Amino acid sequence: MNLPDRTLLTVSDVAETTGLSPNAVYRAIWDGELRASKLRGRLRIQPADLDAWIDSNLVTTRGVNNPPPAPARPLRRNGPGRGLRELLEGE
């Protein structure tokens, strides 16, 4: 019988591979983030599902060309602050 490699991972395997706690893996399964199969009362994860879960949680970064927006008003750090009347009259 020629079966394809169908290695299944345990929750502990996934936790060790990802550096997460087993409880975090269980939460990902219960929240529907990570697909798992329950075989004879035990959870098993296919490696492809683990890869898909990791890929679905990629973090995007801002490029150097996109500086953060400047504050609407510069903050005054030196000297006395402006009073409420000055703020209201300035607008």
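How many salt bridges does the structure hold? In this predicted model, the structure holds one salt bridge.

**View 1. The salt bridge between D49 and R35.** The closest N and O atoms of D49 and R35 are 3.5 Å apart. The pair links distant parts of the chain, the two residues lying 14 residues apart. D49 belongs to helix α3 (residues 47-56), whereas R35 is found in the loop between α2 (22-30) and β1 (37-39).

**View 2. Accessibility of the residues D49 and R35.** D49 has a relative accessibility of 16% and therefore counts as buried, the cut-off being under 20%. R35 has a relative accessible area of 59% and is therefore exposed, the cut-off here being over 50%. The salt bridge thus joins D49, a buried residue, to R35, an exposed one.

**View 3. The crossing of helices α1 and α3.** The axes of α1 (residues 11-18) and α3 come within 12 Å and cross at roughly 40 degrees. The two helices are therefore oblique to each other. In this arrangement, α1 passes α3 in a right-handed crossing.

**View 4. Residues in the contact of α1 with α3.** Helix α1 contributes V14, T17 and T18, and helix α3 contributes L50, W53 and I54. By residue class, the contact of α1 with α3 comprises four nonpolar and two polar residues, with no charged residue. Helix α3 also carries D49, which forms the salt bridge with R35.

Key. Residues numbered from 1 in each chain as written. Predicted model: local features only at pLDDT ≥ 70, side-chain atom pairs only at ≥ 80, totals over all residues. Heavy atoms only, no water. Salt bridge = Lys/Arg side-chain N within 4 Å of Asp/Glu carboxyl O. Helix = DSSP H or I, 4+ residues; strand = E, 2+ residues; numbered from the N terminus. Buried < 20%, exposed > 50% of the residue type's maximum accessible area, 1.4 Å probe, protein only. Axes fitted to C-alpha atoms, helices over the stretch in contact; angles between N-to-C directions. Parallel < 35°, antiparallel > 145°, perpendicular 65-115°, else oblique. Left-handed = near helix turned anticlockwise from the far one by under 90°. Contact = heavy atoms within 4.5 Å. Nonpolar A, V, L, I, M, F, W, Y, C, P; charged D, E, K, R; others polar.
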